[in-house]
Amino acid sequence: MRLGVLGTTLIEDDNGHVVDITKSQPRAVLALLLLSAGLPVSIDRITKVLWRDAADAPVGAENVVQGCVSQLRGALKNLHDVWIERRGPGYILHVDRSLVDVHHFRDLVVRARGEHGLERRSSLLTEALGLWRGPKALADVSYSELEPDAAALGEEYANALEDRVQADLDLGREEQLVAELVAHTGRHPGRERLRTQLITALHRCGRTSEASQTYLNYRRWLVEEHATEPGEELRRLHNDMLALPRRDESTSATSPAVTVYTSCLTIAGALPRVADLDNPLLLGVHPAPPVADDLLGADTHDVPPYVTRDIDPTLRAALRPSRFVLVVGAATAGKTRAAYQAMRTELPGHLLLAPDDKAGLTVAIDHADNLRDCVLWLDDLEHYLGRGGLTRAAIARFLTSEHHRVILSTLRSVEDTRYATPHNKELLHYAVQALKTARRVSVDRLFSPAEQRRARALAVHDSRLARSLATADRYGVTESIAAGPALYDIWRAAQAEGSEQHGAAIVTAAVNCRRAGLTRPLSRRLLIDLAEQAQREFGGLRPQPVPDQDQAWAWAAEPRLGTAALITPDGHDGGVTVFEYLVDAVTAQTPSPAIPAAGLERMLREADTEEASRIGGTAIEQGEFDIAVAAFNHAYQHQRGELGAEHPETLANRDRLAFALRTAGQPERAAHEHRAVLHARVSSLGAEHPDTLVSRNNLGVALYQAGRWSEAETELATVLRVRRRVLSDDDPEIGRSISNHASVLMDLGRWFEAERLAREAVVFRTRVHGPDDRNTFNSRNNLGLVLQALGRYEEAEAEHTTTLEARERLLRPDHPDILESMHNRATALRHLNRAEEAEQEHRQVLHRRAQTLGEHHYETIDTRIHLAADLLALRRTAEAEEVSGEAITVANAVYGPEHPYTLDAHDVHAQALAVSGKHAEAVDELTTVIDLRRRLQGDEHPYTLASRLQWAIARSQQGDQDVELLLTELHASASALLRPHHPLVRSIMQAFSSQTTPGATKDSSTGD
């Protein structure tokens, strides 16, 4: 026999049969009586639970209570020595309290806490926790007055769980505890003691890096969700856990007394003051070659004398208040040296915190709580940005002090641009938000005339400066001193020919990793695996096994010209970093990366959550959409397990996954994912929050691409209306909404409305983004499509040509945007009676789309349909029939018989049949198309009218003379929608004279 509330309410008789209480009010009364077993419960208390407000209680509420008690007595009648007694103004449940799970639980917990033996304590607590039949007490009692009781019981459970885990930890059972604690911390994310126990267990198992990452994830969650930090005990545990010294291989040769701890750089075991750190190489300044004519044996690891930069007064002034200062410039522009010199001048007495990774950054910020004036030094800031690193909350915490605090950081211009691009602003949200708080100081790569004069004055005593000034008009002085151009030439020469190709391929792989989005140290195994693809990419070398991996690796890691190596050991588990000058040089030549797909897939296997998102963004930029789907799914699933399904960052990655699905040609799956994110954001943020509007916009675009135009228009119109009301007039999201709404209006046949919005979008985006921005080109592309729909083919062709030329200037040849412009211009050319040119261009696009997107992608299908239309215009009807038939097969298999592309393919196929004299088949096919278009698009939609026109022409070719009435009806409908000179209106008029002219074929368009 059992009774209970630890889970759902429970009555189980002596035979193990469960007695169901189906109505909610008797269940609530039972819960009250069980919680107070052996003690009276007043009718007033029961009434308050059932109705809460006395005003809501019905007349005769006490009779209702009596009825509930009567039902319970019937349920308890077969239980031995259990009954309900009316006593005074209430009721009492008589029962042995040890039979009621909640009281038995509490008794076991009290006994356990009095036990000194760990085994016995663990056993009693395990028994107590085993009484729970679910994660929540009173799970089937939905009365708000009992919620505090349920919450209190949940707290008791968690406390008992923590006590049992601690007993098991004290017994040395950490190996068995890890998996259990991972589950418990997921269910109880705010229980810091459980988190502490998990970190302790991981650390004791030798999994210290996982323990540290668990701490960082928890700290990030606290900061982002609750604007607070972990407690002192947990922070101390983390600091103690990471307090093991580790020599940094890159500094040991030049400064034996320097040790880099997992947390921060120290000298002789202590944090240095700025004045004590007289070797700038330790903080990331590039080494310089030795002085060639130095006959006195000077220190060959010396750096040239510092040349005062024009920005120095500004930089030094920026360090005087407490703030976040960011020095931005190209690789080897001298930004780190300038920051070092300014810090030495302005802040010599400050303690220096120089962490070497995100984990160390967290420790440094924790440690700063106990320090006075200090500088947080973050060279190459990209390694510290993002979730778990330098966020706005972390910046605020470090700078909020009565003492003087400065965050002094450097960032390469290439990385700065990455964070500024529209796609990455959302993708790298935490980094972008942190960068907004910085006081920026920019360092030019080339020395100004004044800087060159100052350098010449010092060059008398340093031949390195003298040599670098000889090329100062082409290269920066510090760029030459760091041997950037020379190292770049060595690398490129080795790629082309000779025995060092394999070593150069390793370097190329490292450059590709950085460009793809991997920011952490790179493993040797990864770079060796990628080397073969790098050889194919640059040298045309036939892939073959690397004959001597050690020799190739040694070549890549060898310091050259007395300065840097192409790859440098990082000190993290054998990882390396690449000479960043190479990354910047390649990016300057090819802004859009072109990394082999197999390489991206291999990188993804080593990526963390944030890096996976970066790789996904790179894959989308390259048009590798399947890889983008895999990357964003990797990030989404990882964060779902780590943070929960409803966490804002989990939802953001799910949205990115849906975007990748859209671009991969899977709009229905994308719509499902976007809708799930939308529902979650409406629930947590409200319907008009900017993030909610982004989700609704994304859902609208996915529905549009799935051919569900009316649903899409509803969503997109809502987003545009709200954004116009709640956002500033120049917010880029308004331009996005205008452009997207124009696209769906076009396919809904509302072409004049679509033209008005398309022109508004072009004007808006030209003003906000500039005339050469990708967003502006997207809107110009859409305007060209609307002009085509309106039959203004010369204007459309001019718009598409202008957009194509601009895209070709900015993007790689096979970029999806270029293929889109080529496809749309070819369609305009066909309508301008230049079908041969149209066919050639559509064939090029079809070949490239089939290669990059696949045969089943909707853009590939659309191009195949238009190629069939070109062939039909050229009177190559057999080919047109074959190509359109292939399009029908693929579209029907992938998107179904009702998708607009399937209907378009049938239209062209039927026209080919009609021209070939197969009139009956054409009529049958068009009859099916018309029925579907009427149901899906409406009787008056221009595409429906065009299909009906083709049906009428095919019937007349069969000898049916009774089509004049239909043609009259079509003319009236088309004239009401369109202007008299529109091709559809003219085609109807020609049909009156028995002229068979191919009708309108829908042109492609894309949401934004």
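**Notebook: a first walk through the model**

I began with confidence: the chain averages a pLDDT of 86, and 92% of the residues score at least 70; pLDDT is the predictor's confidence in each residue, from 0 to 100. This is a predicted model, in which local features need pLDDT of at least 70 and side-chain atom pairs count only at pLDDT 80 or more, while totals for chains, interfaces and linings use all residues. Residues are numbered from 1 along each chain as its sequence is written, and side-chain values use heavy atoms, with hydrogens and water left out.

Buried means under 20% relative accessible area, exposed over 50%, and partly exposed in between (1.4 Å probe, protein chains only). This core has 110 residues, and W491, I506, V507, L527, I567, L582 and M603 touch the most other members. Helix α23 (residues 501–516) gives the most to it, nine residues; helices here are DSSP runs of H or I, at least four residues, and strands runs of E, at least two, numbered from the N terminus. I then checked I506: leaving aside neighbours within four places in sequence, its contacts include L527, A552, W553 and I567. A second, separate core holds 74 residues, among them I84, V109, L146 and L194.

**T692.** I found T692 in helix α32 (residues 690–705). T692 counts as buried because its relative accessibility is 0%. A polar atom of its side chain lies 3.5 Å from the backbone oxygen of R681. Not counting residues up to four places away in sequence, T692 also touches L678, V682, L685, G686 and A687.

**Helix α42.** I tested the length of α42 (residues 900–915): at 1.5 Å a residue its 16 residues should span 22 Å, and the end C-alpha atoms are 23 Å apart, which agrees. The expected span is 1.5 Å times one less than the number of residues. In α42, 14 of the 16 residues are buried. Just after α42, G917 has a positive phi of about 90°.

**Positive phi.** Most residues other than glycine have a negative phi. D380 is not a glycine, yet its phi is positive, about 55°; D380 sits in the loop between β11 (374–378) and α15 (392–399). A483, with phi near 65°, is in the loop between α21 (477–481) and α22 (484–496). I marked A483 as buried, since its relative accessible area is 7%.

How values were computed: Core = buried A, V, L, I, M, F, W, Y, C linked by side-chain atoms within 4.5 Å. Contact = heavy atoms within 4.5 Å. Polar contact = N/O pair within 3.5 Å; in protein donor to acceptor, adjacent residues only side chain to side chain.
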